[in-house]
Amino acid sequence: MQLLTKNIGKSFSGVNVLRNVDFDLIPGEVHALVGENGAGKSTFVKILSGVYAPTSGKILLDSKETEINTPIAAQKKGIALIHQEPQSFSHLSVAENIFMGHMEGKFFSRVRWQNINNKSKEILNSIGLNIDPKKIMEGLSIADQQMIEIAGALSKNSKILIMDEPTSPLTPNEVNKLFKIVSQLKKRGIAIVFISHRLEEIRSIADRVTIFRDGDKIITKNIDSISNVEIIKYMIGRDLKKTEVSENIYAKEKKVVLSVKNLTSYSKFRDISFDLHKGEILGFAGLVGAGRTDVAKSIFGSEKYDSGQIFLYGNKTKNESPHNSISRGLVYLPEDRKQMGIFGQVAVEDNMTSSVPNLISNAFGIINKKNVTSLSKNYIEKFKIILTSGRQLIEELSGGNQQKCIISKWLLSNPSILILDEPTRGVDIGVKSEMYDIIKQLSQNGTAIILISSELPEILSLAHRIVVMREGHISNTLDHKNASQEIIMQNAIN
Amino acid sequence: MPLFDKFLRIRELGILSIILIVVIGASIIDIRFLSYDSWRAVLLAIPLILVMAMGQMMVIICRHVDISIGSILAFSAIIIGLVFIQFPNTSLLAAIFITAIVGAFLGLVNGLIVTKFNVHSIIVTLGTLSLYRGLVFIVSGGRQIDRNDIPLHIISFSQTSYIFSIPGILILSTVIVLLTHLIMKHSIIGREIYATGSNPTAAHLKGINVTKITLFVFGVCGMLSGIAGLFYASRFGYVNPGVTGVGIEFIVIAGVIIGGTSITGGSGSVLGTFLGILLLGIINVALPVLNIPGGYQKAIYGIIIVAALALDQFIIYRMKIIRGSKYV
């Protein structure tokens, strides 16, 4: 079955996330999709598999125009999505997982156990898998569950398999096994759309590669006629000019305030070691899921780690809770502002002063409203936070202004170490540059800052040094003088 | 301990061993517990609870819970009582049919609210628990259905039958239990109920109509609770708007959970539920036989339930380790 898309576009509440994608898929090919986070490749495969309806454009199957409104409709037309995290029924048997939803019969008709067990065995054997179909799903590895999901797609006679980063939860051995299956499927004429961040894998399995950037399809090429360097270039676009990173106290004193040694959390990251200096902005780059946020949370004490040491101002500490860290002057500004950053239904003033209960209350713990207003007023003016009054609910402010409030909240507590996790996400350009000024100002004054960001220009223009993480470990630590988008991406991707 | 481990592999053996412990313990304290009378009492106490438990088990496997079953029981018992007052010649079959319809209707109302308004079933059925009980008072005018209102052939339903004089409710409940087993274990809809409870998102993605499944389990649960209303009228010979079925949801849900049905959905078996209800029935009969004062009975009953749940949880934990599951 041949698939063709013309001018496919998608917008969410007026924002275009995908524009005019022309794409074609030939039976028996493995077609890789690559691009940075948010480039639009996930949105695109969600349209192909019926999760989203496109805002514009059309899809043609075997040159016939088709509408794919639901995942079920897609499955009936022979398009199956293999989820990154397998969607399985852990309490049911392997055969049931394969045939659930399309067994023969309805309602009270008998399940033909022998039939589905035999067929499952057949399908599993055909992709070289030796699992007992009667086995209960629970306890099978993620890899096996993924294969069983593929078997389920085959049982429906799917002609197109879409795999969204199937290899990221797998070990190298399991990846090899998966690739053997993929090449068998190819021989049967099944087309495979394959999303991955690992260029080596794409090179070993794909026939063609399509590159996405900022919602546009940039180019489709035969894998043999494009180099890794070219792929990365297409992914990040043209070189952006580097702005000057100011040398300051950090360069003069080189005084270590935070030192992390071999920090490991078995399931999330391993052997994380770095030093953070007074007045330094230390950038953390890497793809989503590389473990940056988990490292930050473990240092802050809101997540547990399994081994390794943390030294704060030269003393060994065990930051067992956020409360401890805050009292030692280490604060964390979370990535998920709405869920973890603000108290939405509470006034701006109260949000801002929530970090310093001692400063706003008397000896009996009674809050003095005047202190609340005067303390917060300082920062409202300093950061030019736009609001009607300090009593306004914080959730009514724009994202950028909320973010300024959260930074003010932590600055009130006078921290010496500030961890910023994607501080400019969802913030408009104007506020963004104001935020950059705030961050620079803080570092001039000696605050040590860890800046986690997925925006490379942001990291390149602010950070003195850049730690690049890849799949749970530090792949490189770069000085800003030697850093460029290409180098960072090469270290972030395999 | 390979032998012990093998023993632990069978899900229902945990609850079975708890039953054995209780029976042996009670018999050592007082040998009268093993008498014919005690066991007859156990067997007669079980059917009503068991029938309701079958429906509740389906609901819980589907990741929901129905707390309103006691009120559904009372409502259908009142309705059938009023029918008997008007038409004393109503046949047993017709009575079963009427109570089943009434119960199924109330159950479907629960299911509809849960699916249409996407409200958690605990909240919905907590509300309808009170709503249906209110309807019982309104419909009956607060009056009790007395023994002489209930026809003899209905009373004898719980005492004898043409088949070896085995009480009719015992036969009917056995049939219901076996049917539930067949449906849950071997029919398409049964497996879809398990799938829905195991992973609702995946079920939806596989094309299972989750709304239909949810309505089905609530409908069946209501229907069986309705039939239990007839059991009640037959066995106790009266229906009191303020007493009938009050607090019975506690026993039913406890029995289902003790029987190994997971509150988080996706697993549970008819055999396990039967054993769970049997255990509660045995304890219920054993406590008076052992001359435990009334005030202590409820407390001890509670302790045994909690102990049984804790022990069962331990057994599940062991099983998962043996199976090598990552999700212990």
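**Entry 1: chain A overall.** I counted elements first: chain A holds 19 helices and 20 strands. Keep in mind that this is a predicted model. Next I checked the radius of gyration, which is 26 Å for chain A, close to the 23 Å of the globule rule for 494 residues, so chain A is as compact as a globular protein of that length. I then took the extent of the C-alpha trace along its principal axes and got about 75 × 55 × 45 Å for chain A. Of the 494 residues in chain A, 44% count as buried. I also looked at contacts in chain A between residues at least 6 apart in sequence, and 68% of them join residues at least 24 apart.

**Entry 2: a sheet in chain A.** In which order do the six strands of the open sheet in chain A run? I read it as β16-β17-β18-β13-β19-β20, with mixed pairing. At the edges stand β16 (330-333) and β20 (473-479) of chain A, and each has a single partner strand, so one side of each has no neighbour in the sheet. From one strand to the next, the twist averages 20 degrees.

I zoomed in on one pair. Strand β19 of chain A, residues 465-470, runs antiparallel to β20(A), and six bridges join the two. As one example, A:I466 has A:L478 in β20(A) as its bridge partner. Something also packs on this sheet: helix α19 of chain A (residues 485-492) touches β13 (281-286), β19 and β20 of chain A. The direction of α19 makes about 30 degrees with that of β19(A).

**Entry 3: chain B overall.** Over to the other chain. I found 14 helices and zero strands in chain B. For 328 residues, a compact globule would have a radius of gyration near 20 Å, and the 20 Å of chain B agrees with that. The C-alpha trace of chain B spans about 65 × 55 × 40 Å along its principal axes. I noted that 46% of the 328 residues of chain B count as buried. Among contacts in chain B between residues at least 6 apart in sequence, 79% join residues at least 24 apart.

**Entry 4: a helix pair in chain B.** I picked α4 (residues 69-86) and α5 (residues 92-117) of chain B. At what angle do α4 and α5 of chain B pack? The angle is about 140 degrees, and their axes are 9 Å apart. I logged the crossing of α4(B) and α5(B) as right-handed. On the α4(B) side the contact includes B:I72, B:F75 and B:I79, and on the α5(B) side it includes B:I98, B:V102 and B:L106. Sorted by class, the residues of this contact are nine nonpolar, four polar and no charged.

**Entry 5: one residue up close.** I stayed with B:I72, which lies in helix α4 of chain B. Is B:I72 buried or exposed? I counted 37 other C-beta atoms within 10 Å, so B:I72 is buried. Beyond its neighbours within four places in sequence, the contacts of B:I72 include B:G103, B:Y132, B:G222 and B:S225.

Technical notes: Residues are numbered from 1 along each chain as its sequence is written. Chains are lettered from A and ligands numbered from 1 in the order in which they are written. This is a predicted model: local features need pLDDT of at least 70, side-chain atom pairs count only at pLDDT 80 or more; totals for chains, interfaces and linings use all residues. Helices (H or I, at least four residues) and strands (E, at least two) are DSSP runs, numbered from the N terminus. The radius of gyration is taken over C-alpha atoms; the globule rule is 2.2 Å times the number of residues to the power 0.38. A residue is buried if 20 or more other C-beta atoms lie within 10 Å of its own, exposed if 12 or fewer, and partly exposed in between; C-beta atoms are placed from the backbone. Two residues are in contact if their C-beta atoms, placed from the backbone, lie within 7 Å. Two strands pair if DSSP finds at least two bridges between them. Axes are lines fitted to C-alpha atoms, for helices over the stretch in contact, and angles run from 0 to 180 degrees between N-to-C directions. A crossing is left-handed if the near helix is turned anticlockwise from the far one by less than a right angle, and right-handed if clockwise. Ala, Val, Leu, Ile, Met, Phe, Trp, Tyr, Cys and Pro count as nonpolar, Asp, Glu, Lys and Arg as charged, and the others, Gly among them, as polar.
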